Amino acid sequence: MTSISADMASFFQAVKQVNLLAPAFAIVCGDLVHRPDDVSFASFNAVRATCRVRLYAVPGERDVTLKLRNDAMDQFRSLIGSETFSFTHNGFRFIGIHSDLFKMPIPVETDNHLAWIEKELLQTRWDACKPVMVSHHPLFVERLDEPESWLNIPTAHRSQLWGLYRQYRVQAVLSGHLRRYAGIRLQDILMVTAESVTATMDQSPTGFRLWFSDGSRLTGCRFIPLYRRIPPENPVTPGTDITTQETAETCIANLRFLDAAKEWTGMLQGLSNNSEINPERLRDHVAGDIGQITCPDGGIYTLNPLGSDPACSVPGHVLPSVYAAQEPERRAVMQPMYRNRLLPAGLPVVESNTRPESGAQSRNALD
Ligand SMILES: [Zn+2]
């Protein structure tokens, strides 16, 4: 989370890539803005207007002032639209809920919302549609019975919602809020939290998830990195005294761009991990975005095959290990996900309520 202009640029890049991919529709899982003021919502709408596919959104706590009130919801409705949605596509019913009503319950509103969710789910039975829920907050992060925290939905409503999701055979619950990937499968329900297009919590690349279905089930999703070049916090200004730290940050920003541009190029060309990327093709696919990508210390860049980080010849100019900050048992699950993010429709998930062993392989939902 940086500034409105930086966030807008990231969102604009995401919309541009969505337009190129041309999916059936797109969904934003909440936190459309950082602060819910007119300027922020107008900025969101300005970028949204450039999206050529239908874009749905549910609110997150940032959109409703972190302290849910009716006037905040009215503001959201007038500037963005309804805070819920439901629509049918190819036999799936997508139901967007307003999870802040469970984080910060309002006596009558919250009960009404729960009744609406149940009514929507009941309708999927009549229509023989498979429900997919969309929510800003995930029901839980690791375990259904985990303690209440800022990250999950409080326990009472969590178990009510879980009961409904089970009863109506919900296929998947898509959420945001965490600003990092989390994939869990519990009792045949997939719970997937996607990365963020503005800033991720764990230094993983920013981007979004492209979902696939075969008409009867969601078959998987793949991570789509944004290939926008994000300026470092302390950019190097030519002609001034610059530190090694600053030049390294500038170079690492370049490496992040190259990493995402590589993956995007590989995806458009249908290449798999370990394939070499032709620099000319990369240039074609990110035309107009690449600009001057040179190391401020005169290092030489090596693209490296897909699935490996691009490198600079200057010591210390290295992309941070993506999940290095995570505890080892989680990293064992996350790392293969990151490395396999180019595999078609791969959706690695962890079975919930089982702690993965250190070094365990992630399970793939397609197995
Ligand atoms: Zn460098």
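Biologist: What is the place of F94, and which residues does F94 touch beyond those up to four places away in sequence?

Modeller: The model is a predicted one, and what follows should be read with that in mind. The place of F94 is in strand β4, which covers residues 92-96. F94 is buried, because its relative accessible area of 7% falls under the 20% that sets the limit for that class. Not counting residues up to four places away in sequence, F94 touches F25, I27, F85, S86, F87, H89 and V132.

Ring pairs link F25, Y56, F85, F87, F92 and F94 into a cluster, and the count of aromatic pairs comes to 12. In the pair formed by F92 and F94, the ring centres are 6.3 Å apart and the planes stand at 45°, so this pair is classed as tilted. F92 is buried as well, with a relative accessible area of 1%, and a charged residue accompanies its ring: K130 lies over the face of F92, at 5.6 Å from the ring centre.

A pair involving other residues is that of Y227 and W264, whose ring centres are 5.5 Å apart and whose planes are at 45°, so that this pair, too, is tilted. The pair links distant parts of the chain, since Y227 is in the loop between β10 (218-225) and α7 (244-268) while W264 is in helix α7, 37 residues apart. Y227 and W264 are both buried.

The zinc ion is coordinated by the SG atoms of C251, C295 and C312 and by ND1 of H317, at 2.1 to 2.3 Å. The 4 donor atoms subtend angles of 94 to 121° around the zinc ion, and the arrangement is therefore tetrahedral. For reference, the ideal angle for four tetrahedral donors is 109.5 degrees. Along the sequence, the spacing of the donor residues is C-x43-C-x16-C-x4-H. C295 lies in the loop between α8 (279-285) and β11 (301-302), whereas H317 lies in the loop between β12 (311-312) and α9 (328-339), so the two tie together parts that are 22 residues apart in sequence. C295 and H317 are both buried.

R35, placed in the loop between β1 (25-28) and α2 (38-48), counts as exposed because its relative accessibility is 55%.

As for the chain as a whole, it has 9 helices and 14 strands, and 51% of its 367 residues count as buried. Among contacts between residues at least 6 apart in sequence, 66% join residues at least 24 apart. The accessible surface of the protein chain comes to about 16,800 Å², and 52% of that surface belongs to carbon and sulfur atoms.

Conventions:
Residues are numbered from 1 along each chain as its sequence is written. This is a predicted model: local features need pLDDT of at least 70, side-chain atom pairs count only at pLDDT 80 or more; totals for chains, interfaces and linings use all residues. Side-chain values use heavy atoms; hydrogens and water are left out. Rings of Phe, Tyr and Trp (its six-membered ring) pair if their centres lie within 6.5 Å; planes under 30 degrees apart count as stacked, over 60 as edge-to-face and the rest as tilted. Buried means under 20% relative accessible area, exposed over 50%, partly exposed in between (1.4 Å probe, protein chains only). Helices (H or I, at least four residues) and strands (E, at least two) are DSSP runs, numbered from the N terminus. A charge sits over a ring if NZ of Lys or CZ of Arg is within 6 Å of the ring centre and within 35 degrees of the ring normal. Contact means heavy atoms within 4.5 Å. Accessible areas come from the Shrake-Rupley method with a 1.4 Å probe; for residues, only the protein chains shown count as cover. Donors are N, O and S atoms within 2.8 Å of the metal (3.2 Å for Na, K and Ca); water is not among the atoms, so sites may look incomplete. Four donors count as tetrahedral if all angles lie between 85 and 135 degrees; four count as square planar and six as octahedral if opposite donors are over 155 degrees apart and all others between 65 and 115; anything else is irregular.
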